[in-house]
Amino acid sequence: MLRESPPSGYSGHNPYRKLSHRSEFLQLKLTNGIQGLLQYFNLVEGCLTMIQDYQKQNNFTYDWIVRTRVDGYWSASLGPENFVPGHYLVPPGSSYGGLNDRFGIGDYNTSVVALSRLSMIPQLDSAGHRQLNSESSFKAQLTTQQVPYLTMRLPFCVVSDRQYEFPPSHYGVPVAALSSRGPLSGAKCRPCTPECTGSCVELAMNRLDKGWSWTDWANNSLELCDAHAEWESGWENIFDRVAGKKLAAARRRIDGLKLNQCVKEFAEMMNKTAHWEAPSGSEICSLGLLGSP
């Protein structure tokens with residue numbers, strides 16, 4: 001029923017041909033791509049499980065559920081127009097044959113459908129859906145359960161240190177400069193000196209498949225990085241200038257954070273949570289490039 005998406009920056013033949021049928025992983029012949037997709041679905045639905053457990057324990061129901069991600073950079077806040085009863089809201093672009101699944105807002109009922117990524121697989125299979133990646137599976141979840149969805153440009157991007165070909169090919173991945181006016185609606189981004197602006201962006205974006213990695217660039221809202229290599233030297237100064245004093249100060253504090261202080265702050269955060277299902281603070285902190293205790 002599922003298939004893995006092509007590698008980001010894929011520039012070969014049509015990626016819709018890279019398929020993996022449900023029967024393959026039912027027989028435990030799992031590729032790393034399908035394993036990762038199922039793990040991702042389980043992670044998303046795990047959030048729903050924790051939400052429902054917390055509601056039951058405290059005898060209430062959330063009016064709204066906002067699904068976001070920790071690697072997102074927000075240039076502005078969400079407005080009340082993004083909360084539409086009876087509809088599930090997602091960003092436009094980066095749809096990869098379905099719907100952009102990097103962010104979502106819905107009331108409780110629509111969010112239950114949107115977040116049921118793993119348990120919905122048998123129903124999608126019964127409905128005849130085949131050869132789905134994450135984004136097309138997400139769209140099928142909403143349509144088969146008759147949940148209306150809306151797309152609306154949103155002021156965030158996904159900060160990534162991955163390397164992508166430049167300029168992007170037909171199925172390539174555009175990487176936005178953090179300094180772009182936006183809204184970037186969940187496009188990949190990094191702090192960079194823009195390599196492509198104005199008419200260059202128009203040429204690059206018109207080259208992309210609009211149903212795949214394309215993102216909205218109207219009104220000069222997008223500038224592109226050359227992301228084929230590592231982040232450029234001096235990216236810290238670019239970030240600090242673009243993000244503003246508050247986030248710049250936070251970046252500098254994290255940059256100088258020591259292991260002991262990191263573990264202490266994780267312990268404080270854990271004490272504020274209703275349920276912690278993650279590695280220990282010491283394990284998480286030790287994975288970072290932190291200085292000595």
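1. Let me start with the lining of the largest pocket: sorted by class, 16 of its residues are nonpolar, seven are polar and five are charged. Bear in mind throughout that this is a predicted model. The pocket holds about 1300 Å³ of space. Its lining runs to 28 residues, and those nearest the centre are Leu43, Gly46, Cys47, Met50 and His275.

2. Which helix gives the largest share of that lining? It's α2, with 12 residues. The helix spans 32–58, and both α2 and β1 (64–67) put at least two residues into the lining of the largest pocket.

3. Searching the whole structure turns up two cavities of 30 Å³ or more. The largest cavity comes out at about 60 Å³. Its lining is made of Tyr40, Val44, Arg67, Tyr88, Asp101, Phe103, Gly104, Ala114, Leu115, Arg117 and Phe138. By class that gives seven nonpolar, one polar and three charged residues. Helix α2 turns up again here: α2 and α3 (108–115) each give at least two residues to the lining of this largest cavity.

4. The second largest cavity has about 40 Å³ of space. Around it you'll find Ser94, Tyr96, Arg102, Val173, Pro174, Ala187, Lys188, Ser213 and Thr215. This lining splits into four nonpolar, three polar and two charged residues.

5. On to the aromatics: there are 13 aromatic pairs in the structure. One of them joins Phe60 and Tyr62 edge-to-face, with 4.8 Å from centre to centre and 70 degrees between the planes. Phe60 counts as partly exposed because its relative accessibility is 30%. Tyr62 is also classed as partly exposed, since its relative accessible area is 32%.

6. Trp231 and Trp235 make an edge-to-face pair, with centres 4.9 Å apart and planes at 80 degrees. How accessible is Trp231? Its relative accessible area is 23%, so Trp231 is partly exposed. Trp235 has a relative accessible area of 23% and is therefore partly exposed.

7. Over the face of Trp235 lies Arg251, 6.0 Å from the ring centre. Elsewhere, Lys210 places its charged end over the ring of Trp214, 4.7 Å from the centre of that ring.

8. Last, have a look at Ser160, in the loop that links β6 (156–159) to β7 (175–177). Buried or exposed, and why? Ser160 is buried, because its relative accessible area is 10%, which falls under the 20% cut-off. Leaving aside residues up to four places away in sequence, Ser160 touches Lys188, Cys189, Arg190 and Trp231.

How values were computed:
Residues numbered from 1 in each chain as written. Predicted model: local features only at pLDDT ≥ 70, side-chain atom pairs only at ≥ 80, totals over all residues. Heavy atoms only, no water. 1 Å grid on protein atoms, 1.4 Å probe; cavity = no way out; pocket = protein on both sides within 12 Å on 5 of 7 lines; lining within 4 Å. Points joined across faces, edges and corners; volume = space filled by probe spheres on them. Helix = DSSP H or I, 4+ residues; strand = E, 2+ residues; numbered from the N terminus. Nonpolar A, V, L, I, M, F, W, Y, C, P; charged D, E, K, R; others polar. Phe/Tyr/Trp six-rings, centres within 6.5 Å; stacked < 30°, edge-to-face > 60°. Buried < 20%, exposed > 50% of the residue type's maximum accessible area, 1.4 Å probe, protein only. Lys NZ or Arg CZ within 6 Å of the ring centre and 35° of its normal. Contact = heavy atoms within 4.5 Å.
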